[in-house]
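Me: I would like to work through this structure slowly, one question at a time, and see how each answer is reached. Could we start once the model is on display?

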Amino acid sequence: MITFISPTLDYALLAPILIVLGGALIGVLIEAFAPRSARGSSQLFITLATLVLSLASLIRVRSGASTTAAMESVTFDGAGVLLQGSILIIAIISVFLLADQESFTALAAALPGSDEERTSLQQDLKLTEVYPLALFAVAGMLLFPVSTDLITLFVALEMLSLPLYLLAGLSRRRRLMSQESALKYFLLGAFSSAFFLMGIAYLYGYSAAVTFSGIHAAVIGGAGNGVYLLLGIAFLSVGLLFKVGAVPFHAWSPDVYQGAPTAVTAFMAAATKVAAFGAMLRIFYVSFAEAYWQWRPALIVIALITMVFGSLVAIAQRDVKRMLAYSSIAHAGFLLSGVIALNKSGLDASIFYLFAYGVATVGAFAIVTLVRDAAGEVTDLNRWSGLGKRSPWVATAFAGFLLAFAGIPLTSGFIGKFSIFSAAYESGSTAILITGVLSSAIAAFFYIRVIVLMFFKDPVEDGTSVVIPSVYTQITIAISAVVTFALGIYPTPLINLIQSTAQFLR
Amino acid sequence: MNLNNMNLLTLSMLLPLLGTAALAFVPKTNALLTKQIALATTVLVAVVGIAMTVSFDIGATGFQFVESREWIPAFGIKYALGVDGIALVLILMSVLLTPIVVIAGWNESEGGRWSPKVFYSLLLVLETMMIGVFASTDVFLFYVFFEAMLVPVYFLIGGFGSGDRAAAAVKFLLYSLFGGLLMLASIVGIFVMSTRYGNRTFDITALSGLHTVLTPMMENVLFLGFFIAFAIKAPLWPLHTWLPDAAKSATPGTSVLLLGVLDKVGTFGMIRYCLTLFPEASKTFTPMIITLAVISILYGAFLAIGAKDIKRLIAYTSISHFGFITMGIFAMTSQGMSGATLYMFNHGFSTAALFLVAGFMISRRKSSTISDFGGLQRITPIMAWSFFIAGMSSLALPGLSSFVSEFLVLVGTFTRYPVAAVIATFGIVLAALYILIPVQRALHGPTTPGNENLTDLTLREKIAIAPVISLIVILGFYPSPLLNIINPAAATVVSQQGFSDPAPTMSEGKK
C-alpha cells in the first residue's frame with residue numbers, strides 16, 4: 001500500500017516563480033476575455049508588473065537559503081537568487097522590446113501569403129499572446145537553475161523551451177523563414193530533450209536517485225557502475241549544451257537567431273543562456289564535482305572547439321543576427337570555462353559574465369530592431385554601412401555593445417573575461433586561457449569590422465533608415481548601455497555581492 | 001572634493017575629462033569655441049604637469065604623488081597612481097605635446113568624417129589615458145588604460161585621417177589588440193600566481209618579488225606576453241608593419257601623439273613591467289632583444305632612405321629610433337637606461353617637430369610625396385629652417401637634444417655589448433642619409449613647379465613649432481635638469497636587476 005505524503009512547500013521561497021506563473025495565467029485570461037483594443041496595453045502592464053513584483057519578492061527572500069523550498073526538488077540558495085535575479089532583470093528590459101509590435105505577425109494562425117494574413121494586416125491586429133508566452137518561458141527559466149532533482153529540471157527545461165519554440169515562429173516579415181526556424185528549433189530541441197531524458201535514466205540507474213544530492217552521495221560512495229555515470233553525464237550534457245549553443249550542438253542557433261522576431265531573439269539569447277548555464281553550473285558543481293575526471297577533459301575540448309569555431313565562423317557572416325549568433329556561440333565557449341573551473345571564483349565569474357553578457361546582448365538586439373527599411377528590419381551587414389553618419393547615437397551604442405563583447409577595458413565584457421579566464425587558469429587549465437585569449441583576438445576582428453562599416457564607410461542609398469526608437473526601445477537600450485559601462489568602470493558592488501552570496505547548497 | 005588634497009596626477013587626468021564634458025554642451029557648429037575649450041584644457045593640464053615636475057623631489061626614492069584607492073578589492077585591484085623619474089618625464093612630454101598638437105592642428109579636424117567636436121573630445125579623452133598609462137602603479141589599471149586608449153586613437157585615425165584611413169586604423173587596432181590580449185593572458189597568470197603565493201595584488205612594488213617564486217619557464221612565458229605587446233606598441237622589427245600605414249593616414253597631430261607618446265608606452269612598459277616583474281626572463285631574452293633592436297635600427301633606417309612619402313619616412317625613422325631606445329633599455333647599464341629614457345623624451349619632440357612641419361608642408365602643397373617639393377628654402381625660409389632643425393635633431397646632431405641621448409645609449413650599450421653598439425653606430429650614418437636626402441630634395445636646389453606660391457608659416461604655426469624647436473636646442477646644450485630627474489630612477493631599475501655598471505677597463509700598455 002502506497003501512502004501519500006503531502007509535500008511541504010515553502011511558498012515564500014517559491015514566490016518569485018509562482019508570481020510569474022500567476023501573471024502568465026492572468027495574461028491568458030486577458031487574451032480570452034478582454035476586448036482586442038485593450039489587450040496590448042494591459043498585457044504590457046501585467047507582464048511588467050509581474051516581473052517587477054517577482055523581482056521584489058526575490059529581493060525580500062534573498063537571504064533565506066533552504067534546501068527544501070519544495071522538498072528536495074527546488075533548492076533556494078545564493079547562487080540561485082543571483083541567477084534568478086539576472087533572469088528577471090534581463091526579462092524586464094527585453095519586455096520593452098516585445099511591446100514594439102512591429103516585429104510580430106498580426107495573426108499567427110494565418111498561412112503566409114494567404115487572404116487571412118492580408119486581412120489581419122489590414123485590420124492592424126496585434127499579437128498579444130507573446131506576453132503570456134514570454135512569462136511562461138521566464139517561469140521555466142527561473143525554475144531551471146534552482147531545480148535540484150532531475151525530474152524538476154526536465155520539467156523546467158520543457159517549460160522554458162516550449163514557449164520559445166512558439167515565439168520563434170511569430171515573425172512578421174519573412175514568415176516562412178521564421179516558421180522554418182521555429183520548426184528546426186523545436187525538432188532539434190525535442191531531440192536534445194530525448195538525450196536529456198536518457199541521461200536522467202542512466203543517472204537513476206547509477207545512483208538510484210534523481211535528486212542532485214542523491215547523485216552526489218552515489219558519486220562519493222563510488223559503489224555504482226561508473227559506465228552508467230559516464231553515460232548519464234554525457235547524455236545530460238548534450239541536452240544542456242544544446243540549450244547554451246555549444247559546438248557541436250549549436251546548429252540551430254544561427255537559424256533561430258535569424259528567423260525569430262528580433263525582440264524574441266534578444267530575450268532568448270540572453271535569458272536562456274543565464275538559465276541553462278545556471279542549471280549546468282549547479283549540476284556539475286553539486287552532483288558531479290567529485291567525478292570531474294569523468295567529464296572535465298571532454299568539456300574542456302568542447303569549450304575550446306566552441307570558442308574557436310564561433311569566432312572563426314562569425315568572420316564569414318554577412319547578416320548581423322547570424323553574426324551575433326556565432327558570437328554567442330563563442331561566448332558559450334568562454335562561459336564553459338567557468339563550468340570547467342569548478343571553483344568558487346569560477347562560479348562567481350560565471351554569474352557576473354552571464355549577467356553582463358545578457359544585458360549587452362539585449363541592448364545589441366534592441367538596436368538591430370531599429371535599423372529598418374520599408375520591408376522591415378535590415379540585417380544585411382552591407383546595408384549597415386554608414387550608419388554612424390545617419391544616426392550617430394544608434395551606431396555609437398551598438399559599437400559600445402560590440403566593444404563589450406570584444407572585452408575591451410571599461411566595459412563589462414572585459415571584467416567578465418578577465419575573471420572567467422583567471423578562474424579557469426586557477427583551476428589549472430592553461431589551454432583554456434591561451435585559446436580563450438586567441439579566440440578573443442579573432443572575435444575582435446569581426447566586431448571591429450562592423451564598427452568600421454558603421455563609421456568609416458559611406459552610407460548606401462537604398463532607403464535603409466533608422467526608425468526613431470519608441471520610448472520602450474529607448475529604455476531598453478539606455479539601461480543596457482548604462483549597465484554595460486557601469487559594470488566596466490566600477491564593478492565592485494556587483495562583484496562583492498556575487499562573491500559574498502554565490503554558493504550552491506548541497 | 002577638496003582640491004588642495006587632490007593628487008596632482010588625478011587632477012591632470014580629471015581636467016581633460018571635464019573638458020570633454022564641457023565640449024558636450026557646445027553646439028556642433030561652433031568649431032571655434034570647441035577648439036578654444038580644448039586648447040584651454042590642454043594648456044591647463046600642461047601647467048599641472050610642469051608644476052608636478054617642479055615639485056618632484058629628485059633625492060627621494062620610490063614613487064611620488066602617490067595615490068591609492070580600492071577599485072575592485074575582490075581581485076586586489078587598486079586605483080593606484082605614482083610616478084618615478086621615468087614616468088614623470090614621459091607624462092611631462094605628453095602634456096606638453098598635447099596643446100602643441102591642438103595649436104598646430106587647428107584646422108586638421110575640419111576635413112574629418114565628423115565634426116571638430118568629436119575630434120577634440122577624442123583627443124582630450126586620449127590625454128587622460130596617456131597620463132593614466134604612465135601614472136598607474138597597479139598592473140591591472142595600467143592594462144585598462146593601455147587597451148582603452150586604443151579606442152580614441154582608432155577613431156582619430158579612421159575618422160580624421162587621409163587616404164585609406166579606415167584600413168590603417170583597423171590594422172593599428174588589430175595589431176594592438178592582439179598584443180594586448182597576449183598581455184591579458186600574462187596578467188591573468190600574474191593574478192593567479194600572486195594569489196597562489198601570497199596575497200592577491202596587482203601592486204607593482206609588491207609584485208616585483210613575485211619572480212622569486214616562479215619557475216623559469218613560467219617567468220619566461222609571462223615575460224613574453226608583456227614583451228610582445230610592448231614590441232608591437234613601440235614597433236620592433238618584425239612587428240612594425242602597422243606603424244607606417246597608421247602614421248601616413250593619421251592627421252599630423254594624431255601622428256605626433258601616436259609616435260611621440262603612444263609608442264613610448266611600449267618602451268616604458270619594457271622598463272616598468274618587463275624588467276621589474278621578470279628580471280631573470282629579461283636576462284634570458286636580452287641577446288634576442290638586442291639583436292631585434294639592432295635589426296630595427298638598421299632596417300628602419302634603410303626603409304627611411306627609400307621612402308617616397310614624407311610621413312612614411314618619419315615613421316620609418318621612428319622604427320630606427322625605437323631600436324635605439326630598446327637597445328639602451330636592455331643594455332642594463334645606468335647610462336643606457338638614462339639614455340633610453342631621455343631618448344624617449346627627445347624623440348617625442350623631434351618627431352613632433354618633423355611631423356608638424358611635414359604637416360604644414362603637406363597642407364600647403366596638397367601632397368605628401370617628397371619629390372613634389374623642391375626649393376622651399378627660398379620660398380618659405382622659416383618652414384624650411386624648422387624642418388631642417390627637426391631633421392638635424394632626428395639624426396642626432398651634436399648640440400641638439402637627441403645627440404645627448406643617443407650618445408648615452410651607445411656608451412651604455414658599448415660597455416656591455418660592444419658588437420651591438422658598433423653595428424648600431426652605422427644607424428647614425430644611415431640617419432644622416434635619410435634626413436639629408438629629403439632635406440636636399442625638398443628644401444634646397446631650384447624651386448620646382450608647383451611650389452612657387454607656397455606661403456610661409458602663419459603666426460599660429462610659428463607659435464606651435466617655436467616651443468618644440470627651443471626645447472630641442474636648449475636640451476641639447478643643457479640636458480641636466482631632465483637627467484637629474486631620470487638618473488636616480490634609471491639607476492634603481494638597473495640595480496634591481498642585480499646589475500652594476502661594468503667598470504671601465506684598459507689594456508696595459510708598454511711601460
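Me: In the predicted model, how far apart are the end C-alpha atoms of helix H13 of chain B?
Reply: This is a predicted model, so the value is one computed from predicted atoms. Helix H13 of chain B covers residues 310-330, and its 21 residues should span 30 Å at 1.5 Å a residue.

Me: How many of the residues of H13(B) are buried, and which residue just after the helix takes a positive phi?
Reply: A residue counts as buried when 20 or more other C-beta atoms lie within 10 Å of its own. By that rule H13(B) is mostly covered, with 21 of its 21 residues buried. Just after the helix the phi angle is positive, at about 60°, and the residue that takes this value is Met332(B).

Me: Is Thr53(B) buried, exposed or partly exposed?
Reply: Thr53(B) is found in helix H2 of chain B, which runs over residues 31-55. Leaving aside neighbours within four places in sequence, Thr53(B) is in contact with Leu88(B) and Leu92(B). Because Thr53(B) has 18 other C-beta atoms within 10 Å, it counts as partly exposed.

Me: What is the radius of gyration of chain B?
Reply: Chain B is built with 20 helices and two strands. For its 511 residues the globule rule gives 24 Å, and the computed value is close to this, so chain B is as compact as a globular protein of that length. The radius of gyration of chain B is 22 Å.

Me: What is the radius of gyration of chain A?
Reply: Chain A has 20 helices and five strands, and its C-alpha atoms fill a box of roughly 70 × 55 × 40 Å along the principal axes. With 506 residues, a compact globule would have a radius of gyration near 23 Å, and the chain agrees with that figure. The computed radius of gyration of chain A is 22 Å.

Me: Among contacts in chain A between residues at least 6 apart in sequence, what percentage join residues at least 24 apart?
Reply: Of the 506 residues of chain A, 60% count as buried. Contacts are a separate matter, and here they are taken between residues at least 6 apart in sequence. Among these contacts in chain A, the share that joins residues at least 24 apart is 81%.

Me: Are helices H11 and H14 of chain A roughly parallel or roughly antiparallel to each other?
Reply: Two packed helices are described by the angle between their axes and the distance between the axes. Helix H11 (residues 262-287) and helix H14 (residues 344-368) of chain A pack with their axes 7 Å apart, at an angle of about 170°. Angles over 145 degrees count as roughly antiparallel. H11(A) and H14(A) are therefore roughly antiparallel.

Me: Is Ala266(A) buried or exposed?
Reply: Ala266(A) has its place in helix H11 of chain A, and it is among the residues of H11(A) that meet H14(A). Not counting residues up to four places away in sequence, Ala266(A) touches Ser94(A), Leu97(A), Thr361(A), Val362(A), Phe365(A) and Ala366(A). Because it has 31 C-beta neighbours inside 10 Å, Ala266(A) counts as buried.

Me: How many of the residues of H17(A) are buried?
Reply: Helix H17 of chain A, residues 412-426, reaches 21 Å from its first C-alpha to its last, close to the 21 Å expected at 1.5 Å a residue. The helix is followed by Gly428(A), whose phi is positive, near 100°. H17(A) is largely enclosed by the rest of the structure, because its buried residues number 15 of the 15.

Me: Which helix gives the most to the side of chain A that touches chain B?
Reply: The two chains meet where 24 residues of chain A are in contact with 25 residues of chain B. H17, helix H18 (430-456) and helix H20 (492-501) of chain A each supply at least two residues of the side that touches chain B. By class, that side of chain A has 18 nonpolar, five polar and one charged residues. With eleven residues, the helix that gives the most is H18(A).

How values were computed: Residues are numbered from 1 along each chain as its sequence is written. Chains are lettered from A and ligands numbered from 1 in the order in which they are written. This is a predicted model: local features need pLDDT of at least 70, side-chain atom pairs count only at pLDDT 80 or more; totals for chains, interfaces and linings use all residues. Helices (H or I, at least four residues) and strands (E, at least two) are DSSP runs, numbered from the N terminus. The radius of gyration is taken over C-alpha atoms; the globule rule is 2.2 Å times the number of residues to the power 0.38. A residue is buried if 20 or more other C-beta atoms lie within 10 Å of its own, exposed if 12 or fewer, and partly exposed in between; C-beta atoms are placed from the backbone. Two residues are in contact if their C-beta atoms, placed from the backbone, lie within 7 Å. The expected span of a helix is 1.5 Å times one less than its number of residues. Ala, Val, Leu, Ile, Met, Phe, Trp, Tyr, Cys and Pro count as nonpolar, Asp, Glu, Lys and Arg as charged, and the others, Gly among them, as polar. Axes are lines fitted to C-alpha atoms, for helices over the stretch in contact, and angles run from 0 to 180 degrees between N-to-C directions. Angles under 35 degrees count as roughly parallel, over 145 as roughly antiparallel, 65 to 115 as roughly perpendicular and the rest as oblique.
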